[in-house]
Amino acid sequence: MTLINELLGIKYPIIQGAMAKISTSELVSAVSEAGGLGVIASGGMTTEQVREEVRKTQKLTDKPFAVNVMLMMENRDDIIDVVIEEGVKIITSGAGTPKPYMKRLKEAGVIVMPVVPNVDIALKMEKLGADAVIVEGMEAGGHIGEVCTFPLVSAATQALSIPVVAAGGLSNGQSLAAALALGAKGVQMGTVYLATKECPVSDAYKEQILLSNETSTVVTGRKNGAPVRNIRNEMTSHYLELEAKEVSRDELEALTIGSLYKAVKEGDMVNGSVMAGQIIGTISTIKTVQELHDDILEQYRKVSLPKI
C-alpha cells in the first residue's frame with residue numbers, strides 16, 4: 001500500500017495515462033475494475049461528450065476513476081463544471097495551470113494531480129495545492145517534455161513533499177519496482193494499455209504496437225515547441241522533412257489534422273499519428289486489462305535485487 005493507493009482509494013498504485021480518442025469509458029472502467037485508476041481523456045471532446053463518457057463509466061464501474069482536463073482547450077471551464085456536477089472526485093491536468101480552478105475543485109472535494117514535465121513546474125503545482133503530481137519523462141508516447149523519466153523522478157521525489165507518480169517508459173512489474181525504489185508512490189502507464197482487449201483502437205494499431213521495438217518511435221515538433229512521440233511512418237517522415245525546411249507551424253499542423261483519428265479508428269498506419277512510447281519493445285501480446293494488472297503485480301513480487 002502506498003500513499004497513492006490511500007489518496008485515490010485504489011487497490012494498486014497504477015494510473016492509466018489519458019490518451020486522446022482512446023481513453024474512453026470502455027478502457028477506463030476496465031482499468032478501474034482491475035484495481036487501477038482509469039482516466040477519461042477529455043482532449044478533443046465536446047463538453048457533452050465528456051459528460052456522456054463520465055456517465056457511461058459510472059454505469060460500468062463503482063470504483064474510482066478520473067477525468068484528464070487539457071487546460072488549453074476552449075471548453076476547459078465547462079469540463080470543470082461537468083467534473084463537479086457529475087461527482088467525479090479525481091482529475092489529472094495538463095497543458096496549462098489548474099490555478100484558476102483550484103478553489104472550486106477543492107471545495108467540491110476533487111483530488112487534483114497535474115501531469116508535469118519538470119521539477120520547477122511540479123513545485124509550482126505543489127504550491128497551488130495539488131494533492132500529487134505525475135512527472136512524465138520524454139520516453140512517453142504523445143506530447144512529451146525534454147527530461148528522461150529516471151532523472152526526473154529522482155529529482156522530483158527529493159524536491160517535493162506531496163506524492164510523486166512516475167510516468168514515461170513504464171510497462172511492467174520491474175518498472176513499477178524501479179519507480180517505487182526511486183521514491184515515487186505510484187506509476188502512470190499509457191502505451192501498454194494500447195495492447196489490451198478493452199482498448200478501443202483499431203486492430204492495425206494494436207498489431208503495430210506488437211511489431212515495434214524501442215527504436216521504432218520518432219519525435220516530431222521539437223522545432224516548433226510541441227514535441228510528440230509517434231511510431232515512425234510516412235507521415236512522420238514527411239513532417240520531419242518539412243520541419244527541417246522550417247516551414248510554418250500552420251503548414252505542419254495541416255499535415256497532422258485528423259491523423260490521430262486515422263490511426264485510432266481507421267487503422268491507417270501510413271498516414272495516421274500512431275502515438276506510442278519507447279516502452280513498446282516490451283509488449284508482445286494482447287491481454288485483457290485484468291491479465292495485464294495480474295502480470296504486473298506478479299512481476300513486481302518476483303523482483304529480487306542482487307546483494308552488493
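Predicted model: local features only at pLDDT ≥ 70, side-chain atom pairs only at ≥ 80, totals over all residues.
Residues are numbered from 1 along each chain as its sequence is written, and side-chain values use heavy atoms, without hydrogens or water. Local features need pLDDT of at least 70 and side-chain atom pairs count only at pLDDT 80 or more, whereas totals for chains, interfaces and linings use all residues.

Thr2 is found in the segment before α1 (3-8); helices (H or I, at least four residues) and strands (E, at least two) are DSSP runs numbered from the N terminus. Thr2 counts as buried, at 15% relative accessibility; buried means under 20% relative accessible area, exposed over 50%, and partly exposed in between (1.4 Å probe, protein chains only). The Thr2 side chain forms a polar contact with the side chain of Asn5 at 2.7 Å and reaches the backbone nitrogen of Ile4 at 3.2 Å. A polar contact is a pair of N or O atoms within 3.5 Å; within protein, one must be able to donate a hydrogen and the other to accept it, and residues adjacent in sequence count only if both atoms are side-chain atoms.

Asp131 lies in the loop between α6 (119-128) and β6 (133-136) and is partly exposed, with a relative accessible area of 21%. Its side chain makes a polar contact with the side chain of Lys106 (2.4 Å), and a polar atom of the Asp131 side chain lies 2.9 Å from the backbone nitrogen of Val112.

Zero disulfides (pairs of cysteine sulfur atoms within 2.5 Å) are found in the whole structure. Cys199 is buried at 3% relative accessible area, while Cys148 is partly exposed at 34%.
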